[in-house]
Amino acid sequence: MANKNSTYYQLVDTELKQWKHVMRRKPSFFNKTTKKVQKKINQIIPEKVHRAITKAIKEITRAVIFGSGFTTKKRREVPSLEEIESKVKERINFYSSSAAVEGAATGFGGFLLSLADFPLWLTLKMKMLFEIASRYGYDTRDYKERVYILYIFQLTFSSQQHRNMIFEKMENWTITKEKLPDDMNAFDWRTFQLEYRDYIDLAKLLQLIPGVGAIAGALVNHKLTNKLGKTAMNAYRMRHNDFKEIKLISQE
């Protein structure tokens with residue numbers, strides 16, 4: 001149980017309030033303009049590239065999220081939320097660094113290898129989310145918890161307008177999860193793909209430029225993977241009423 005008077009609790013509480021404010025913020029003029037620019041860029045990119053990326057995102061995400069490849073390790077009791085989050089931050093740093101190495105390697109290889117970056121990087125990010133969920137005490141074998149992971153992903157890689165919609169569902173998760181369909185094909189994969197692609201395309205296009213692709217790939221992958229990890233931390237903090245119900249368990 002969290003000590004509400006502890007320094008760490010006060011820090012977490014402040015961070016969570018600030019994060020919620022950002023998630024609820026309405027789209028700015030810049031957000032709207034960027035979205036319009038992105039649509040024009042999408043019209044320039046060859047359709048075969050769009051199809052390849054879309055298929056990779058959809059199939060790999062479905063395989064990872066609803067497959068059995070990611071398992072939860074044996075867990076042990078830990079004394080505090082601070083210790084849980086210390087381990088979570090270690091894993092975020094690990095995956096951010098791994099993503100940077102992967103982005104540099106594929107960026108250095110030019111256009112074809114840069115296309116390979118999408119499925120490789122996507123898999124790294126999803127595995128990180130599974131580990132974070134498990135460290136906060138959630139059973140990722142439960143398909144509803146995997147849907148929550150998808151929501152975290154969308155919350156990070158979406159326009160502000162779509163982010164507002166997703167955050168409302170997550171903020172009211174107790175109600176949202178009861179309304180989830182039994183058929184996972186009902187999940188809105190099209191919006192998931194388009195929002196993800198639109199969010200990262202501007203940054204990832206730099207990875208296709210000879211000479212700077214490796215540097216751009218490393219920087220972008222590291223920054224966005226780290227952002228996803230921090231979003232996940234706050235998303236799981238939000239699941240608990242003043243952290244009273246947090247399951248103080250972690251992985252070996």
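The following legends describe close-up views of a predicted model. Residues are numbered from 1 along each chain as its sequence is written, and side-chain values use heavy atoms, without hydrogens and water. Local features need pLDDT of at least 70 and side-chain atom pairs count only at pLDDT 80 or more, whereas totals for chains, interfaces and linings use all residues.

**View A. Stacked rings of Tyr 136 and Tyr 236.** These residues form a stacked aromatic pair, 5.6 Å centre to centre with 20 degrees between the planes (ring centres of Phe, Tyr or Trp, the latter by its six-membered ring, within 6.5 Å; stacked under 30 degrees, edge-to-face over 60, tilted for the rest). Tyr 136 lies in the loop between α5 (111-135) and α6, and Tyr 236 in helix α10 (residues 213-237), 100 residues apart. Both Tyr 136 and Tyr 236 are buried (under 20% relative accessible area, 1.4 Å probe, protein chains only).

**View B. Tilted rings of Tyr 148 and Tyr 236.** This aromatic pair has 5.4 Å centre to centre and 50 degrees between the planes. Tyr 148 belongs to helix α6 and Tyr 236 to helix α10, so the pair ties together parts 88 residues apart in sequence. Helices are DSSP runs (H or I, at least four residues), numbered from the N terminus.

**View C. The aromatic cluster.** Tyr 136, Tyr 138, Tyr 148, Tyr 151, Trp 173 and Tyr 236 form one aromatic cluster. The structure holds ten aromatic pairs.

**View D. Confidence along the chain.** The mean pLDDT (the predictor's confidence in each residue, from 0 to 100) is 77, and 68% of the residues reach 70 or more. Over residues 247-252 the pLDDT is below 50.

Definitions and conventions
Contact means heavy atoms within 4.5 Å. Helices (H or I, at least four residues) and strands (E, at least two) are DSSP runs, numbered from the N terminus. Buried means under 20% relative accessible area, exposed over 50%, partly exposed in between (1.4 Å probe, protein chains only).
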